[in-house]
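This report concerns the structure shown below.

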Amino acid sequence: MKLFESDYFTYKNNQLYCDEIPVEEIIDSVGTPAFIYSKKFFTDRYNEFTKAFSGINHTIFYAVKSNSNLNVIKTFYDLGSGIDVNSAGEFYRAVKAGVSPGKMILTGVGKTAGEIKLGIENNVKFIKAESEQEVYLIDEIAGQLGKTAPLAIRVNPDVNPKTHPYISTGLAENKFGIDSKSAYKLFLKAAGLKNVKPLGIDMHIGSQITSVEPYKEAVEKLAGMFQKLKSEGLELTHFDIGGGMGVKYKDETPFTPEEFAGALLPILNGLDCEVSFEPGRYLTANGGILVTEVLYTKSNQKKNFIVVDAAMTDLLRPSIYGAYHHIQPAELNGTAKDITADIVGPVCESGDFLAKGREISGCKPGDKLAIFSAGAYAMVMASNYNGRRRPPEIIVDKDKFFVVRGRETYDHLLFDEEIKPGLFEK
Ligand code: LLP
C-alpha cells in the first residue's frame, strides 16, 4: 500500500507521529477511537492562506462548522481570524472560546428569529440574509431592538462547482442564497429599509472545490453586480467569497492559496472593498486523524473484513458521501502482506463502513489504524447512534499533547433523560 505522510503526520522508526509525539503514546493515555489534531497544521494553513491574499484588504472567517472544538476556534482566533457561525449553537461555542461577537459573521439558510436577535443584540459583524423574507425579519427585529443591522445578502450565482451534489450550493437547484436577478432588486429594497444597512454581497458555491474556475466565474458575475449596486448609490464595503476550497483526500490536485489569489485578485482588486473568505475544510481537514483499534478480522468467499472500534458515528463521511479517507497502520510492520478489505465499524448498519475494497497491510486484533483527513466534518458530524459515546479530541502542540475534549461518558448519553414514574401509573 502507498503510505500517506505529511509534514505533520510522519513515521519515525515505523511509528506514526503527530508532530513530535508518537501516536501510540497518546493512545496509551486516551484509548481508541480518538481524534488527534496538529496545532502546527492549523497555524501553517491559516498563515499560508492569509499570506497569499496579503496584497488585498481581506479577512478570513474560519467556518466553525468544520471543527468546532473550542481550542480549534481559539487557535484560529488568536492568529487573527474572524469566525463564521451558522447557528446559535456555534455562536455559543465561539463565545465560549473567547471570540468577540464583533469578529463573527452569522450565516445560515434558515436562521430563526431568536438567532437573528442574538446576532443583532451582540453586534456581530454581519448578518447574512438568504431570502427576501429574512431581510424583512432582520429589519423588523433590528427595529424592535433600536439598532441598525449590518446586512449581507447571499447571492446564488448559479455556477457549477463540480463537487459532490450534497455539498454543491451555488446552483439554482440548491436551496442556498437568492438568484442574482432577485438579489439585485432586494439590495435596492433593503437600501430603503430603516433598520438594516446593506453592506456586503456574499456567496458560497460549495465545498471541496478543487478548481479555481467556478470561483472565477461566480466572482466575475457578482463583481459586476457589486459595481452596479454601488453606482446606484449603495455603500457596499464587503465582498464575501465564502469557503469551499478543496483539499487532498486521495489523488485530488486542489489549487494552492497562491493560485487562488492569482485567479481572483485581478477581479477583486478593482472593487475597492474588504474581501472575506470562510474556509473550513482547507484549514482543518488534513490536520487531523482518527485512530481506531482493530477488533476482529474475518473473510468469506468474497471479501475480507476488518472490524474496528470506530464507526460511522465517529466519521460519517464515507457512509453518506462515499468519501475516501486514507487508512494505514499507526505502526508499520515490514513483513505484513497487503490485503484488500472492507474496513467496517460495530454499528448495526451495512452503511457503517470507513473504507470499501481498500488495499491495506494485513492487520490483526489490537493493531491501531490511523484514518486520515479527519480534522474537518468528522467530530462535528459524530453521533450517539447505537449508544456510542463520541470520541475524545486531542491537540498536539510540538512535543506536548492536550486532551481538549474527553471521551463522553455513559451519563452524557442520558442527558436530561429519566424515567417519569407518572407515565407508568396504572
Ligand atoms: N461558508 C458557508 C456558508 C458554508 O455553508 C460552508 C460549508 C463553509 C463556509 C465552509 O466550507 P468549507 O471551506 O469547509 O468547504 N459535511 C460536508 C461539508 C459541508 C459543508 C457545508 N458548508 C463534508 O463532510 O464534506
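## Packing of α2 and α3

In this predicted model, helix α2 (residues 39-52) and helix α3 (residues 70-78) have axes that come within 10 Å. The two axes cross at roughly 35°, and the crossing of α2 past α3 is right-handed. Two packed helices are described by the angle between their axes and the distance between the axes.

The residues that meet are K39, F42, T43 and Y46 on the α2 side and V72, T75 and F76 on the α3 side. Sorted by class, this contact comprises four nonpolar, two polar and one charged residues.

## Ligand surroundings

There are 17 residues around the ligand, of which S207, G244, E278, R317 and Y377 come nearest.

Polar distances can be given for three of these residues. An N or O atom in the side chain of S207 is 2.4 Å from an oxygen atom of the ligand. For Y377, a polar side-chain atom lies 2.6 Å from a ligand oxygen. In the case of G244, a polar backbone atom is 2.7 Å from an oxygen atom of the ligand. The ligand exposes 590 Å² when taken alone, and the protein buries 91% of that area.

Most residues other than glycine have a negative phi, and most peptide bonds are trans.

P33 belongs to the loop between α1 (23-30) and β4 (34-38).

Terms used. Residues numbered from 1 in each chain as written. Predicted model: local features only at pLDDT ≥ 70, side-chain atom pairs only at ≥ 80, totals over all residues. Heavy atoms only, no water. Axes fitted to C-alpha atoms, helices over the stretch in contact; angles between N-to-C directions. Helix = DSSP H or I, 4+ residues; strand = E, 2+ residues; numbered from the N terminus. Left-handed = near helix turned anticlockwise from the far one by under 90°. Contact = heavy atoms within 4.5 Å. Nonpolar A, V, L, I, M, F, W, Y, C, P; charged D, E, K, R; others polar. Near = heavy atom within 4 Å. Polar contact = N/O pair within 3.5 Å; in protein donor to acceptor, adjacent residues only side chain to side chain. Areas by Shrake-Rupley, 256 points an atom, 1.4 Å probe, with all protein chains shown as cover.
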